[in-house]
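The following exercises are to be worked with the sequence and the model at hand. Each task is followed by a solution in steps.

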Amino acid sequence: GKRSKPLWDTSITLTPNELSLDETFYREEWERIIQPNGITSFAEYMKTSRVGRGIRLSRKDRKLVWPVFEDYRLLLNENNIREADDAMRDAGTLIRGKGNVLPYRAVIVDEAQDMSKQAFELIREMVSGGQQKNDIFIVGDAHQRIYRHKIVLGRCGINIKGRSKKLKINYRTTEENRRWATCLLEGLVYKR
């Protein structure tokens, strides 16, 4: 946001010259690797898979780029600024620390395709007792995913094994629109 941009601009000055990586690389590394995985230390960064990032980094390279992220997190903390993922992680920690204090017996999630790992972990913490049968109902459309990568719900404490269903009837689109869209997509391959 507006408040964190100057902090990012300060941290990006720590970019090592020996690697010819632009600012976009650092921002995307933060948004796709550091934040989604809740990385707060170099040791965690070293252990985390970067599959799909397109740019390979050796151990030495990771050590060179890490100060940018470390400085940015330090500046966020010093200025009492939380990005959404950090705020959700903090809220989950608070709920866990206080025990089952929230009055919710179930949570319904719609438009789940764009939610982060931290959002699902927070939702898991919100329901008293955790892992009760049918305590979380999630609906999303992977075809509409815009912002995030695929989330594995089991890694967020949400067990859907043997309990998920693929909905096959669309009540939101007229048959006429469906036929028109299907004609446009004929012969194209969709990858998940």
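**Exercise 1. Locate Glu-175 in this predicted model, and classify Glu-175 as buried, partly exposed or exposed.**

Solution. 
Step 1. Glu-175 belongs to helix α7, which spans residues 175–185.
Step 2. The relative accessibility of Glu-175 is 41%. Buried requires a value under 20%, and exposed a value over 50%; Glu-175 therefore counts as partly exposed.
Step 3. For its position relative to Arg-3, compare sequence and space: Glu-175 and Arg-3 are 172 residues apart in sequence, and their C-alpha atoms are 46 Å apart.

**Exercise 2. Describe the chain as a whole: its elements, their order, its box and its surface.**

Solution. 
Step 1. The chain contains seven helices and two strands.
Step 2. Read from the N terminus, the order of these elements is α-α-α-α-α-β-α-β-α.
Step 3. Along the principal axes, the C-alpha atoms occupy a box of roughly 55 × 50 × 30 Å.
Step 4. The chain has 192 residues, of which 31% count as buried. Its accessible surface is about 13,800 Å², and carbon and sulfur atoms contribute 53% of that area.

**Exercise 3. Determine which residues of helix α2 are buried, and what covers them.**

Solution. 
Step 1. Helix α2 comprises residues 23–34, and its buried residues are Phe-25, Tyr-26, Glu-29, Trp-30, Ile-33 and Ile-34.
Step 2. Around the axis these residues take up an arc of only 135°, so they lie on the same side of α2.
Step 3. The cover over these buried residues includes α1 (5–11), α3 (42–47) and α4 (59–78).

**Exercise 4. Identify the largest nonpolar core and the residues with the most contacts inside it.**

Solution. 
Step 1. The largest nonpolar core consists of 22 residues, and Tyr-26, Tyr-45, Val-65 and Phe-69 have the most contacts inside it.
Step 2. Two or more residues of this core come from each of α1, α2, α3 and α4. The largest share, seven residues, is given by α4.
Step 3. Take Phe-69 as a case: leaving aside residues up to four places away in sequence, Phe-69 touches Trp-8, Tyr-26, Glu-29, Trp-30, Ile-34 and Tyr-45.
Step 4. There is also a second, separate core of 12 residues, which includes Val-109, Ala-112, Ile-123 and Cys-156.

**Exercise 5. Examine the aromatic pairs, and state which residues form the aromatic cluster.**

Solution. 
Step 1. A pair of aromatic rings is described by the distance of the centres and the angle of the planes.
Step 2. The structure holds nine aromatic pairs. In one of them, Trp-8 and Tyr-72 have a centre-to-centre distance of 4.7 Å and an angle of 90° between the planes, an edge-to-face arrangement.
Step 3. This pair links distant parts of the chain, with Trp-8 in helix α1 and Tyr-72 in helix α4, 64 residues apart. Trp-8 is buried at 3% relative accessibility, and Tyr-72 is buried at 0%.
Step 4. For Tyr-45 and Phe-69, the ring centres are 6.0 Å apart and the planes stand at 65°, so this pair is edge-to-face. Tyr-45 is in helix α3 and Phe-69 in helix α4, so the pair ties together parts 24 residues apart in sequence. Both Tyr-45 and Phe-69 are buried.
Step 5. One aromatic cluster is formed by Trp-8, Phe-25, Tyr-26, Trp-30, Tyr-45, Trp-66, Phe-69 and Tyr-72.

**Exercise 6. Is Arg-50 buried or exposed, and which residues does Arg-50 touch?**

Solution. 
Step 1. Arg-50 is placed in the loop between α3 and α4.
Step 2. With a relative accessibility of 9%, Arg-50 counts as buried.
Step 3. Beyond residues up to four places away in sequence, Arg-50 touches Phe-25, Glu-29, Ile-33, Tyr-45, Ile-55, Arg-56, Leu-57 and Arg-62.

**Exercise 7. How many disulfides does the structure hold?**

Solution. 
Step 1. A disulfide is a covalent bond between the sulfur atoms of two cysteines.
Step 2. The structure holds zero disulfides.

Technical notes: Residues are numbered from 1 along each chain as its sequence is written. This is a predicted model: local features need pLDDT of at least 70, side-chain atom pairs count only at pLDDT 80 or more; totals for chains, interfaces and linings use all residues. Side-chain values use heavy atoms; hydrogens and water are left out. Buried means under 20% relative accessible area, exposed over 50%, partly exposed in between (1.4 Å probe, protein chains only). Helices (H or I, at least four residues) and strands (E, at least two) are DSSP runs, numbered from the N terminus. The arc is that of the directions from the helix axis to the C-beta atoms. Contact means heavy atoms within 4.5 Å. A disulfide is a pair of cysteine sulfur atoms within 2.5 Å. A nonpolar core is a set of buried Ala, Val, Leu, Ile, Met, Phe, Trp, Tyr and Cys residues joined through side-chain atoms within 4.5 Å. Accessible areas come from the Shrake-Rupley method with a 1.4 Å probe; for residues, only the protein chains shown count as cover. Rings of Phe, Tyr and Trp (its six-membered ring) pair if their centres lie within 6.5 Å; planes under 30 degrees apart count as stacked, over 60 as edge-to-face and the rest as tilted.
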